[in-house]
Amino acid sequence: MPELPEVETVVKAINRSLESMTIKRFIIINSKLRWDISSNIPKLVKNRKIENIYRRGKHIIFKLDNGYILIHLGMTGIIKFIDTIDAKNRGKHDHYQIELKDNKILKYNDVRKFGSIHWTENIHDHFLIQNLGPEPLSKEFDSIFLKDKCRNRNVAIKNLIMNQNIVVGVGNIYACEALYMSSIRPDKKCKYITLKQCDDLVKSIKFVLKKSIKSGGTTLKDFKNLDGAPGYFKQKLMIYDCKICKCGVEVKNIKLGGRSSFYCNVCQK
Ligand SMILES: [Zn+2]
């Protein structure tokens, strides 16, 4: 599943690859995604200028001169960057394509159909965006912010940091890794987390995400050579899916919020 670093990598790749910033047309190939693709999108975006492409949480946002396109990759979404000449070769799971003035095409493919695309005039009021917490790499996400969110809460710290309304983009693997680095058990109740632990945890979350973005950036040199595959880069993990901790003890795996949560009974308290 694409996580924040993969989405960041895709956004960077699109920005690098895009030459024309005007949309010639938008074609719906198969509207069945998590939400049906609105039949209004082709006329809303036709001949519109792309002013900016950026990420918010795990959403890819195209700022147009009349509104915003909001793309989510779901579980298996892939954006391919192709020449017009290849456009007729439709894949079984292609859902839409954005044709640019220079005849380059961004094509969206999604095997499991959990992705989505929306157009909106005001991004901040959009139902997928309005309740999102701050970006994990922003200054706003700091120890005082996290401590404030932890206060009087009975929920496990891992569930809190994975809650998109608290902070966006901390997926399961990153949550496990950051908690391990901070020596905090994933099931520790938020109300018992100290300010010092919040500080360690915030630093660890930023560290694992930055490291992953960096490795994505180096793996992915040219979007076109990728054959459409986003940066699902493998990295060395310290605790997630590991058998033995570096202290020599067997790694535990418990379910929290239905997700596998790996931790070390000795190193994490
Ligand atoms: Zn250990």
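How many helices and strands are there in the protein chain? The points below take up this question and then the parts of the fold in turn.

1. Overall composition. The model under review is predicted. Its protein chain holds 6 helices and 10 strands. Of the 269 residues, 36% are buried. Contacts between residues at least 6 apart in sequence include 67% that join residues at least 24 apart.

2. Dimensions. The C-alpha trace spans about 60 × 35 × 30 Å along its principal axes.

3. Domains. The chain is divided into domain 1 (4-125) and domain 2 (143-263). Taken over C-alpha atoms, the centres of domain 1 and domain 2 are separated by 29 Å.

4. The sheet β2-β3-β4-β8. These 4 strands form an open sheet in the order β2-β3-β4-β8, and their pairing is antiparallel. The edge strands, β2 (50-56) and β8 (116-120), each pair on one side only. From one strand to the next, the twist averages 15 degrees. Within this sheet, β4 (residues 68-72) runs antiparallel to β8 and is joined to β8 by 5 bridges. In that pairing, I69 stands opposite W119 in β8. Helix α1 (residues 4-17) lies across β2 and β3 (59-64), and α1 runs at about 165 degrees to β2.

5. The sheet β1-β6-β7-β5. A further open sheet of 4 strands has the order β1-β6-β7-β5, with antiparallel pairing. β1 (23-28) and β5 stand at the edges with a single partner strand each, so one side of each is left without a neighbour in the sheet. The twist here averages 15 degrees from one strand to the next. β5 pairs with β7 (residues 104-110) in the antiparallel sense over 7 bridges. F81 stands opposite L106 in β7. As background to both sheets, strands of a sheet pair through backbone hydrogen bonds, either parallel or antiparallel.

6. G77 lies in β5, which covers residues 77-83.

7. The largest nonpolar core. This core has 60 residues, and those that touch the most other members are I69, I161, Y174, A175, L179 and I205. Domain 1 (4-125) and domain 2 (143-263) each supply at least three residues to the core. I69, which faces W119 in β8, also touches W119, together with V45, F62, L64 and I117, not counting residues up to four places away in sequence. In general, nonpolar side chains tend to be buried together in soluble globular proteins.

8. Helix α5. How many residues of helix α5 (residues 172-181) are buried? The helix is mostly covered, with 8 of its 10 residues buried. The buried residues are I173, Y174, A175, C176, E177, A178, L179 and Y180. Among them, Y174, A175 and L179 are also listed with the core residues that touch the most other members. Just after α5, S183 takes a positive phi of about 60 degrees.

9. V266 in the segment after β10. V266 lies in the segment after β10 (259-263). Is V266 buried or exposed? V266 has 12 C-beta neighbours inside 10 Å and therefore counts as exposed; the cut-off for that class is 12 or fewer. Its contacts, leaving aside neighbours within four places in sequence, are C247 and V249. V266 and R185 are 81 residues apart in sequence and 9.6 Å apart in space, C-alpha to C-alpha.

Conventions. Residues numbered from 1 in each chain as written. Predicted model: local features only at pLDDT ≥ 70, side-chain atom pairs only at ≥ 80, totals over all residues. Buried ≥ 20, exposed ≤ 12 C-beta atoms within 10 Å, placed from the backbone. Helix = DSSP H or I, 4+ residues; strand = E, 2+ residues; numbered from the N terminus. Core = buried A, V, L, I, M, F, W, Y, C linked by C-beta atoms within 7 Å. Domains from an automatic or database assignment. Contact = placed C-beta atoms within 7 Å. Pairing = 2+ DSSP bridges. Axes fitted to C-alpha atoms, helices over the stretch in contact; angles between N-to-C directions.
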